[in-house]
Amino acid sequence: MKTDKRFEILRTGVAIGVALLIGFIVTCLVSEAPLKAFGYFLRGPFTTTRRFAAFLEAAIPLTFTGLAISLVFSAGQFNLGAEGQFFIGAVAATAAGIYLDLPPVIHTLVCLLAGIAAGAVAGFIPGILKAKWNASELVSSLMLNYVFLKLGMYLVTYHMRDQSVGALVSLPLKETSLLTQFIPNTRIHTGVFILLITVLFCYYYLFRTSQGYEVRMTGQNIEFARYSGIPVLSVILSVQVLAGAIAGLGGAVEMLGIYKRFQWLASPGYGFDGVIVATLAKNNPALVPVTALFLAYLRVGADVMAIYSDVSAEMVAIIQAVIILLVTAEAFLSGYRRRMLLREVKQSASAS
Amino acid sequence: MQALLRAILSPSFAASILRVTTPILFAALGAVVADLSGVVNIALEGTMLFSAFTGVAVSAFTQSAWLGLLAAVGVGALVGLTLAYSHLKLGTDAVLAGIALNLLAAEGTVFLLYVVAGDKGVSSSLPSKVLPDWHIPVIKEIPVLGAILGKQNALTYMSLIAVVLVYLFLFKTSFGLRLRAVGENPDAADSVGISVHRVQFVALAISGALAGMGGAHLSMGYVSWFSRNMTSGRGFIALAAETLGYRHPVGVFLASLLFGFADALSNYMQSLRVPGEFVQMIPYLLTLVALTIYSGRQRKGRRSSK
């Protein structure tokens, strides 16, 4: 067991190393000054306070969607709806933030609840379609991402739009609804605490409750779970609703913490990023914040690189893809793993 | 409403259905080949995007639309082989590997676009070529059919031919038989001496090549440029069309037409005063409904047969 864990850490490390190397090679191919460009990429988040803060801020939505994806993946459900859930959660929070008149803290809470509810509904649909009619949650959640994107854009454009502004943005959210940005010169907001609670909740749910156990059993072997009396259909449904709620909460927190108005014109892509985050974290909620920070680091680094060099920020996509492919590849370094295990067995044999 | 009906029943609307069906059909055929060999190809979306980009870039540099198509198909096959390699040799889950390739394609093509065209949105600065429209002599003279099938993009005709070819390949050749055997029961196939991995490698390469033709149609037939994320979910819709079409080339053709209809309808209704967002939802919602009905019926059928 211990060897396994050590091996996993080593393998992830090697995968990241290989990915960075490939990223560097690509940089060399397209850049006039590759060393300088890649240097900015690696040091980017640490170059100014503002950028360091941006790195922390970027990790917040990634953690939320990473948690959502971890939950559904733990149950063996390939529900990729976090993208749409996050988006519609943000739209719902915006509506509540614009139209309701409530005292400060309560207003924020109501907005967050609106996000949770919208996300839960968005997660419920693929869940119920799967549980009741066996429709592939993979395809249905991908379709719903587009539906919720269009629905959200319709609501913002036709009902919440601020006509006095040239750009397509919503009316401003009421001050009472916003999460406080509590560190000067940064946009780091009190949503961080909501985030920490959510991380703890997910970890506790997955590893310390009987339903979490059922979720994991269903994910490991659905037939076995069914024969041992686990109500797999209700597990499948409830985990997707819960994941939807978390992604929706993420959208709401991002909206209330960072923005004053709704101003996205396209889906910001945090849902699919959540897949990267969850995959790197091996679907363990406790590790999700760490891997989210890592991804945020790559992203901010890439942005900084794009400012100071001739390499565009999308270079980071190559690094991400290689990392996912290698981290999830069972055969990657498996020969080394066998040798590690053999050595351990031999040692314990000679010791006894 | 009457105007809408009249427009839908017109031959030119039927022609536009065929046009928008083309990329979905190619990708859906690709999905069939992969799925029958036992591997889900989620990477179709990204494959199309890579190929759409490659077609534009290569045709701009060689000044030949056909070389562009060839390169697009080649890149499609290459993406299919990449998926095969990571899934079959490295043991990555096929869905996760597909997601990784899709993410790579979404941003990777923007990265490449910036390198070759200096723009992150569209490739309009590249002098890329478009595949020609074909005029079919005899059919062109027939009244209604002529307006629908008489003049279409070369790739649209090829997609119709591909339906027949994929059918013949899967059901009338010995390799097709082996491919389906591998998908049905890999252990049994292995026990009679079929190299399971080799068959799946070939199947995914074909699957990618087909999706590549669909991608080429998007950027070199449907429009004459590449723009970021121009597939907008067609690769995923193709997966739904594959399920809905009972994993059979002819069924998939009909299912693709259905999605093509929704797509063409949304294009048409955009010119009316319906909020564009709602109209754009139609193909996705239709997919959802169709998928649910299909899956529900399939499950019921399985229960009653047992």
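Helices here are DSSP runs of H or I with at least four residues, and strands are runs of E with at least two, numbered from the N terminus. The structure is a predicted model, in which local features need pLDDT of at least 70 and side-chain atom pairs count only at pLDDT 80 or more, while totals for chains, interfaces and linings use all residues. Residues are numbered from 1 along each chain as its sequence is written, chains are lettered from A and ligands numbered from 1 in the order in which they are written, and side-chain values use heavy atoms, with hydrogens and water left out.

With a relative accessible area of 4%, Ala264(B) is buried, where buried means under 20% relative accessible area, exposed means over 50%, and partly exposed covers the values in between (1.4 Å probe, protein chains only). Leaving aside residues up to four places away in sequence, Ala264(B) touches Phe13(B), Ser16(B), Ile17(B) and Val20(B), a contact being heavy atoms within 4.5 Å. Val116(B) stands 148 residues from Ala264(B) along the chain, and the C-alpha atoms of the two are separated by 32 Å.

Not counting residues up to four places away in sequence, Arg234(B) touches Pro23(B), Ile24(B), Glu45(B), Met48(B), Leu218(B), Tyr222(B) and Asp263(B). Although Arg234(B) and Ala27(B) are 207 residues apart along the chain, their C-alpha atoms are separated by 8.1 Å. The charged end of Arg234(B) sits over the ring of Tyr222(B), 5.8 Å from its centre; for this description, NZ of Lys or CZ of Arg must be within 6 Å of the ring centre and within 35 degrees of the ring normal. Elsewhere in chain B, Lys120(B) lies over the face of Tyr114(B), at 5.5 Å from the ring centre.

Tyr222(B) also belongs to helix H11 of chain B, which runs over residues 196-222. The 27 residues of this helix should span 39 Å at 1.5 Å a residue, and the end C-alpha atoms are 37 Å apart, which agrees; the expected span is 1.5 Å times one less than the number of residues. H11(B) bends by about 30° at Ala216(B), the bend being the angle between axes fitted to the seven residues ending at a residue and the seven starting there. Of the 27 residues in H11(B), 21 are buried, so that the helix is mostly covered.

In chain A, helix H4 (residues 82-99) can be described in a similar way. Its 18 residues should span 26 Å, and the end C-alpha atoms are 26 Å apart, which agrees. H4(A) is mostly covered, with 16 of its 18 residues buried.

Aromatic rings give another view of the model. Over all chains, a search of the whole structure finds 27 aromatic pairs, where rings of Phe, Tyr and Trp (its six-membered ring) pair if their centres lie within 6.5 Å, and planes under 30 degrees apart count as stacked, over 60 as edge-to-face and the rest as tilted. In chain A, ring pairs link Phe86(A), Phe87(A), Tyr259(A), Phe262(A), Trp264(A) and Tyr270(A) into a cluster.

Some loop residues deserve a separate look. Lys282(A), in the loop between helix H11 (270-280) and helix H12 (288-308) of chain A, has a phi near 55°, a positive value in a residue other than glycine. Most residues other than glycine have a negative phi. At 40% relative accessibility, Lys282(A) counts as partly exposed. In chain B, Arg247(B) has a positive phi of about 50° although it is not a glycine, and its place is in the loop between helix H12 (234-244) and helix H13 (249-269). Arg247(B) counts as partly exposed, at 34% relative accessibility.

The two chains finally come together in an interface. The contact takes 51 residues from chain A and 45 residues from chain B, and the chains bury about 3900 Å² between them, 77% of it on carbon and sulfur atoms. Buried area is the accessible area (1.4 Å probe) that two parts lose on being put together, summed over both. In chain A, Met143(A), Tyr146(A) and Glu314(A) lose the most area to chain B, together 17% of what that side buries.
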